[in-house]
Amino acid sequence: MGRKHFRFGLGCAGLAIIVDQASKFWILDVFAESPRAITVTPFFNIVQTWNRGISFGLFNDDGNFNALILSLLALAIVAYLVRWMWGAETRWMGLALGLIIGGALGNVIDRALHRAVLDFLDVHVGGYHWPAFNAADSFITVGAVLLIFDYLFARSDDRNSMDDARSEERRV
């Protein structure tokens, strides 16, 4: 069963990379003439911004080694997640790990090509703007939430059956 979930997770990772890179290619094309904000709804804009740091612009100091160090760190994490995905016990776990891996690799590709990550999704309410993000960041977040749900709920049946078996052994 694990290999089936592994292949599924790899497919999800590949699809996440394609969607992420296609969306970024489109943004670069749309904003080729001049940077501007495109209002989509009263609380959502499309913008073009470059993040040379990590999430929410942390370590965004434009240092020469940022892209290299952050990419190496991301690749080490991806290697760990791929190993974890090899033993994925559920389809949800394969999906979750695949999304995280695909999102991480999407941002690594940006750092390799541009020395920065292209962010373009701008959510705002009442003058407060959430830090801009991209599809890869969304995949990483959704994957992390799915991992939590998989841990809390998908395995609860396994835990309950194990607890029932232990209770039965005690009675005997």
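**The positive patch**

Modeller: Start with R7, which sits in helix α1. Helices here are DSSP runs of H or I with at least four residues, strands are runs of E with at least two, and both are numbered from the N terminus. This is a predicted model: local features need pLDDT of at least 70, side-chain atom pairs count only at pLDDT 80 or more, and totals for chains, interfaces and linings use all residues. Residues are numbered from 1 along each chain as its sequence is written, and side-chain values use heavy atoms, without hydrogens and water.

R7 counts as exposed because its relative accessibility is 56%. The cut-offs are over 50% for exposed, under 20% for buried and partly exposed in between, with a 1.4 Å probe and protein chains only.

R3, K4, R7 and R91 form a patch of positive charge on the surface. Patch residues have over 30% relative accessible area and no salt bridge, with like charges joined within 9 Å. A salt bridge is a side-chain nitrogen of Lys or Arg within 4 Å of a carboxyl oxygen of Asp or Glu. Each charge is placed at NZ of Lys or CZ of Arg. Helix α1 (residues 2-30) gives the most to this patch, with 3 residues.

Now the setting. The protein has 5 helices and 4 strands. Of its 172 residues, 37% count as buried.

Conventions
Patches are made of residues with over 30% relative accessible area and no salt bridge: like charges are joined within 9 Å, nonpolar side chains (Val, Leu, Ile, Met, Phe, Trp, Tyr) within 5 Å. Accessible areas come from the Shrake-Rupley method with a 1.4 Å probe; for residues, only the protein chains shown count as cover. Lys and Arg count as positive and Asp and Glu as negative; His and the chain ends are not counted.
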